[in-house]
Amino acid sequence: MPEEEERPIPAARPVIGDAEIEAAVRVLRTGRVVQGPEVAAFEEEFSALVAGRHCVAVNSGTSALHLALMALGIGQGDEVIVPSFTFAATANAVRLVGAEPVFVDIEPGSFCVDVDAVAAAIGPRTAAIMPVHLYGHPAAMDRIGALAERHSLAVVEDAAQAHAAQLNGSPAGAMGTAGCFSFYPTKNMHTLEGGMITTADAETARMLRLLRNQGMEQRYANEVVGANVRLTDVAAAVGREQLKRLPEWTERRRANAAFLDAKITGAITPPVAPGVRHVYHQYTVRVPDGRRDAVQKHLESRRIGSAVYYPTPVHRLLPFLKDGKPDPRWDLPETERAAAEVLSLPVHPSLTEDELARVADAVNEAVE
């Protein structure tokens, strides 16, 4: 086997280059390292990505979801409609504010929440809908927004995986009442660790700033009960450098996905809904008929990384069981099918064409 083929291909590869290192060192030398000018600049620059919305930086994507719900007054006695096919943080944030997640099924194509299922789940205690732009594909926010307006509900976009994604020209994170991004190292851009909350409402933005900093804007003038979930200036400086390269990396991911679409023949490649600009945080195929695990093992034998996001739907995780069993209210066949079939392949921007060809060839070999 040629030397090139012997090299492992990781499922993800965080970018930390000289620019990020130099930015971090520059901030460290200033001595002002928490919630300072770098954070303010990062928020202002990120705003351009979300149609000029107010941006509030925090220490993680989970904190972003948690604080967004808090700022919107969602809590004890409320219900929030969420997909079960997502990372647990989506539902965890609902529980952290004392509300209850109501799990609904997904569309089989986009892996995003099924709007008809959302409509059927709305009840007297429903306070918000939390769609997830899974894998970088926006949910049907036009229909979700109309549904929310009809029922006077908040919409909190879980855009943790959707930096620069769009639906009909509108950016992810700028279509709901609030939007929440993650800057974990394997995301399309990162701050080492961090998150961002976006909103069009100035009062909501002010409440978010209070909540992230012990309930105060002015030191020792606490106005509400808050938390300490501030972003460091070191992280913000890294994020500013990453943001500069996000357009380049996004187009690279999209080009890599197009290459895999054209070359993979033995699995169901990810469809893209009309009007969607998919940013491929993950390139996720379906491998039906119980063959997924065998395909993943074959990829491993070829030194190609892959991952299953997510093997267990959230409603089946221990914290969300009822009397030790999945709540019988949650009948989610598309969610269960996706959990049994999905496999995410390398799509990150540092891949070479030879590496992409290796990935496609290995998938086709395994499936055929």
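User: Which residues form one aromatic cluster?

Analyst: This is a predicted model. In it, one aromatic cluster is made up of Phe85, Phe87, Phe111, Tyr135, Tyr309 and Tyr310.

User: How many aromatic pairs does the structure hold?

Analyst: The structure holds 13 aromatic pairs. To read such a pair, look at the distance between ring centres and the angle between the planes; planes over 60 degrees apart count as edge-to-face. Tyr309 and Tyr310 are 5.7 Å apart centre to centre with 65° between the planes, so this pair is edge-to-face.

User: What else can be said of Tyr309 and Tyr310?

Analyst: The peptide bond from Tyr309 to Tyr310 is cis, with omega near 15°. Tyr310 sits in the loop between helix H10 (292-301) and helix H11 (333-341).

User: Is Tyr310 buried or exposed?

Analyst: The general idea is a cut-off on relative accessible area: under 20% is buried, over 50% is exposed, and in between is partly exposed. Tyr310 has 12%, so it is buried, whereas Tyr309 has 27% and is partly exposed.

User: Which parts does the pair of Phe42 and Phe183 tie together?

Analyst: Phe42 belongs to helix H3 (residues 37-47), and Phe183 to the loop between strand S8 (178-182) and strand S9 (195-199), so the pair ties together parts that are 141 residues apart in sequence. The pair is tilted, at 5.4 Å centre to centre and 55° between the planes. Both Phe42 and Phe183 are buried.

User: How many salt bridges does a search of the whole structure find?

Analyst: Side chains of opposite charge can pair when their charged atoms come close. Here the search finds 21 salt bridges. One of them joins the side chains of Glu38 and Arg240, at 2.9 Å from N to O. Glu38 is in helix H3 and Arg240 in helix H9, 202 residues apart, and the pair links distant parts of the chain. Glu38 is buried at 9% relative accessible area, while Arg240 is partly exposed at 22%. A network of salt bridges links Arg26, Glu38, Glu45 and Arg240.

User: Why are Arg337 and Glu341 separated by about one helical turn?

Analyst: Because they are 4 residues apart in helix H11. Arg337 and Glu341 form a salt bridge whose closest N and O atoms are 3.3 Å apart. Arg337 is partly exposed at 33%, and Glu341 is buried at 10%.

User: Which residues touch the most other members of the largest nonpolar core?

Analyst: A core is read by asking which buried nonpolar residues are joined through their side chains. The largest core has 52 residues, and those touching the most other members are Leu69, Ile74, Val80, Phe103, Met130, Ile144 and Ile197. Helix H4 (residues 61-71) gives the largest share of this core, 6 residues. Apart from this core lies another, of 34 residues, including Ile264 and Leu351.

User: What is Leu69 in contact with, leaving aside neighbours within four places in sequence?

Analyst: Leu69 is in contact with Ile74, Ala93, Val94, Val97, Met130 and Val156.

User: Which residues make the nonpolar surface patch of about 320 Å²?

Analyst: The patch is made by Ile16, Ile21, Val25 and Leu192. Ile21 lies in helix H2 (residues 18-30) and counts as partly exposed, at 44% relative accessibility.

User: Where is Ser152 found, and what is its phi?

Analyst: Ser152 is found in the loop between helix H7 (141-151) and strand S5 (154-158). Ser152 is not a glycine, yet its phi is positive, about 55°. Ser152 is exposed, with a relative accessible area of 67%.

Conventions:
Residues numbered from 1 in each chain as written. Predicted model: local features only at pLDDT ≥ 70, side-chain atom pairs only at ≥ 80, totals over all residues. Heavy atoms only, no water. Core = buried A, V, L, I, M, F, W, Y, C linked by side-chain atoms within 4.5 Å. Buried < 20%, exposed > 50% of the residue type's maximum accessible area, 1.4 Å probe, protein only. Helix = DSSP H or I, 4+ residues; strand = E, 2+ residues; numbered from the N terminus. Contact = heavy atoms within 4.5 Å. Patch = residues over 30% accessible without salt bridge, like charges linked within 9 Å, V, L, I, M, F, W, Y side chains within 5 Å. Areas by Shrake-Rupley, 256 points an atom, 1.4 Å probe, with all protein chains shown as cover. Salt bridge = Lys/Arg side-chain N within 4 Å of Asp/Glu carboxyl O. Phe/Tyr/Trp six-rings, centres within 6.5 Å; stacked < 30°, edge-to-face > 60°.
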